[in-house]
Structures are given as C-alpha cells and as structure tokens.
Amino acid sequence: MNSNIIPRVKPHNWLWGSVKPYQEDTLGFLQKSIETYGDIFQFRTAHKRITVLNRPEYIQHVLQKNHRNYKRHFAYRVLKLLLGNGLICIDGEKWKKERRLMQPHFHRESIRSYFTIIDQSTKKAIQQWAMRPEVWLFSEMTELTLDIITNCFLGGSVAQGASVVEENLPFALQTIIDRIHSPLQLPLWIPNARNRKFKKCIQNLEILVANIIKEKEKSPIGNDLITMYLLLERKGETITKQQIFDEIITILTAGHETTAIAMYGLIKNVSENDIVKKKVIEEFEQVTKGKPLTIEHLGQLKYLDHVIKESLRLSSPAWTIGREVIEDDIIDGYLIKKGDSVMTSPYLIHRNKDLWSDPYTFDPNRFEKELPHKFAYFPFGGGPKLCIGMSLAVMEMQIILYHVLQSGFEMESLSEKKIDFEASITLRPKTDIRLLKSSKKSKKVLESS
C-alpha cells in the first residue's frame, strides 16, 4: 500500500526527541512546527510518536467519521490517577453507560432549571467583592464556578468543603500534566516529596467525597448526581462508591475549571474592546428592557452569542484532544499507524490562517457568516464525545457576564501587562487580572437585587 510520508519534526535529541522544546513552550513548539511542516506532521517524545492534525477534514475524520478506530490516548490514562473511570477517561461500553446515566442532567429542561442557581450564585459572589481587599478575576471565577457546579449537580454538598478542593485539586492537576509531558516519571509508590504530596491531595479529596456520600445516604433526596447514583445502587444497579467518587471528581474538575477559564477569557476580551462592550450592554438593555434577566431573555442575545463564540475561539479552555489509533488508518493519503497518538487542537485550528482571516484579532462579527468548515471551530470537541456540558457552560457565560458588567467593577488596564497562558490539561492563564471598583457610576444593566 502506497501512502504519503508524514513530515517529521527534526528531533532536539536523538534519545528524547522533542521533549525539551515541547515541555518548555508547548504552544510555541506546535505553532512553529505547523509553519515549518504544514497541517500534518509527527514529532517524537522519547518512545511516543504523535501526529498533529491541523485541517478540519482530518479532525472530522478522527472525531466523527471514523471515531470508532480512535480511543483516548496515553494522557487520559495518566489522568486516571486523579479521575479514575470518570466520563472523561473512558471509552466503549463503559463510556456509553456513564453518558446515558448523566445525560438527563444535561437535557434542555434540566439546563433551564439551573438558571436560578447560576443567577443567585453570581449575585451573591459579586456582593462579596465589595468586602474584599482585592478582587482577582480568575480566582473569583474559579470560586464562583465551583459554587455553581456543586449546587447544580451535587446538591450544594461541596460548599463546606470548597477549600479542600481549592487546596488540593490544582496541585493534583499540575502533577498529572507533568507526568504527561515527561517521559521519565518516578512510580507513585516511591515516597519522594512530590509523590507523597500528590497522594495526600488525592486522599483529602477522597475523604471529602466519602463524607458527602455518607451524608447523602442518610437522606437521598434531590435531583443531584450523587442522589441519582445512590438510588440506582439501592435499585440493584452495579454502582460502586468508587464509581460515584470518580464522577464527582470529574464533575468538579471539568465542570468548574474549564468554565472559570472561559469566563476569564470572555471578561478580558469584552473589557479590552470598548465597542464590543458597548454593544453587549446595549443588547442586554434592549432585550431585558430594564427588568431582571430571565431564562427567556437568553435566546434573544444574538450579538452576545457571537461574542461568546469568538471568545471561545481565541480562549478555548480545552486546547487539545488526543486519540490513539486502534488499527492502521489512512487520512488524505497519509498512513496513521496502529498505536500512534493523534493530536487535534482547537487552539491551533482556531488560528489557522487558511480558515480565519486575521485570526489573532477579536472580532465577533466573523460569526455572522457561515463557518468555513464544521470542524474549523470545535471548542467543545466534536462527534459522539462532544462535551456533555456545552449548553450549560454557554448559559453560565451569558449570566455571569451580565452581572459582571453591571457590578461597578472593571478590569484593570493591561496596556503594559502581557497575559500568557500555559498548556496544562486546560489552557490556564499564567497571570491573574485585578478587578477594580469603578470611580464612575456605572450605568445599570440590571436592577440591583
């Protein structure tokens, strides 16, 4: 069988391949490689061979058209050290079963029922800003989205243990990403300082979740995920406590981290552009007519929809999606070998100059036109494993931005401050931004509550 030869990145080191430049500047390394080798290329990190795809047709083939030939790659197996067999880390029949169990909580009517929780949580958070010596955007968004996700899906059960999550989850996630990036990692059973701390973090999270489950078992009432799992267990379903723990940790990790990053990007992008900010405020006023925001208003915010899409194009929290080839495959004449890893990246495709004019400029108007390709824009993934929380995340972004714009707080000037992002499991900001109480009397978009 004749096939095209995939361009290969010249290795930095004969043994470790491209480990060093990939670790030091992941996004820069990938962008430079695209400029040098084109929209399909391979690079090696020690014994792992990774094929990067940066054309929408290629991405659609992997995530949708031939998705059965691709499973989650090695990074997800490392992620299992934290998330176990949560929905993000599994494939096949296990994934189908978990997806079916969780799907009712993400149906349209369920999403609508979360409006009040998001609205009230956001109002409460903003009221507390005035009592704090300093207000930092990403920190506040992280705290707020954690509160929202626990109230929507865990019955508020984690509210008292939020500090446990905040103190342990970031270190656990950073340990995971370090193990993904480095070909040499000491086994967890070796008791060095980092391994001990990682295990302690996991233990603290396990204790928190175990206590939540114990409390819920006393009175399993409510529409939250934990109650659902406990009731299924009582009906004879094969649901283990480990399974419940894995899904709770997955929800806590994916459900608040990604939305906090998305909100950070949205508020930053809107605040930096006076014309966009003015148009968003005017649309809120036109739609709400001076009355409090309701669920019915959200579908009328057409310009805001474009703003959110453009913000997710430039600031997509899920910057990469990895797969492993189950059997040899052919993509556009290129042989993709069994066992190889394939990397697709919203971050890269959203900056592809062949698809997006002036791709580094924030321009919501570009979404007035039809997309150049279905997979030219995929901040929530694509195919059967499309992010289950997509509609909820967008609704959170609408509501939170609404309240932030009328809060009287404004983002500090960034004229001399460069904001960088690091390609961790998510695309996290390296630098936080302060929110300052405006000296001017802000024009209200919302009646004060």
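I take two strands as paired if DSSP finds at least two bridges between them. Strands are DSSP runs of E, at least two residues long, numbered from the N terminus. The model is predicted, so I note that local features need pLDDT of at least 70, side-chain atom pairs count only at pLDDT 80 or more, and totals for chains, interfaces and linings use all residues. Residues are numbered from 1 along each chain as its sequence is written, and side-chain values use heavy atoms, with hydrogens and water left out.

Sheet. I looked up strand 4 and found two bridges joining it to strand 12 (residues 434-437), antiparallel. In this pair V135 stands opposite L435. The open sheet has three strands in the order 4-12-9, with antiparallel pairing. Strand 4 (135-136) and strand 9 (409-411) are at the edges with a single partner strand each, so one side of each has no neighbour in the sheet.

Loop residue. I found K337 in the loop between strand 7 (334-336) and strand 8 (341-344). Not counting residues up to four places away in sequence, K337 touches R49, V325 and D328 (contact means heavy atoms within 4.5 Å). I also checked K337 against L137: they are 200 residues apart in sequence and 44 Å apart in space, C-alpha to C-alpha.

How values were computed: Helix = DSSP H or I, 4+ residues; strand = E, 2+ residues; numbered from the N terminus.
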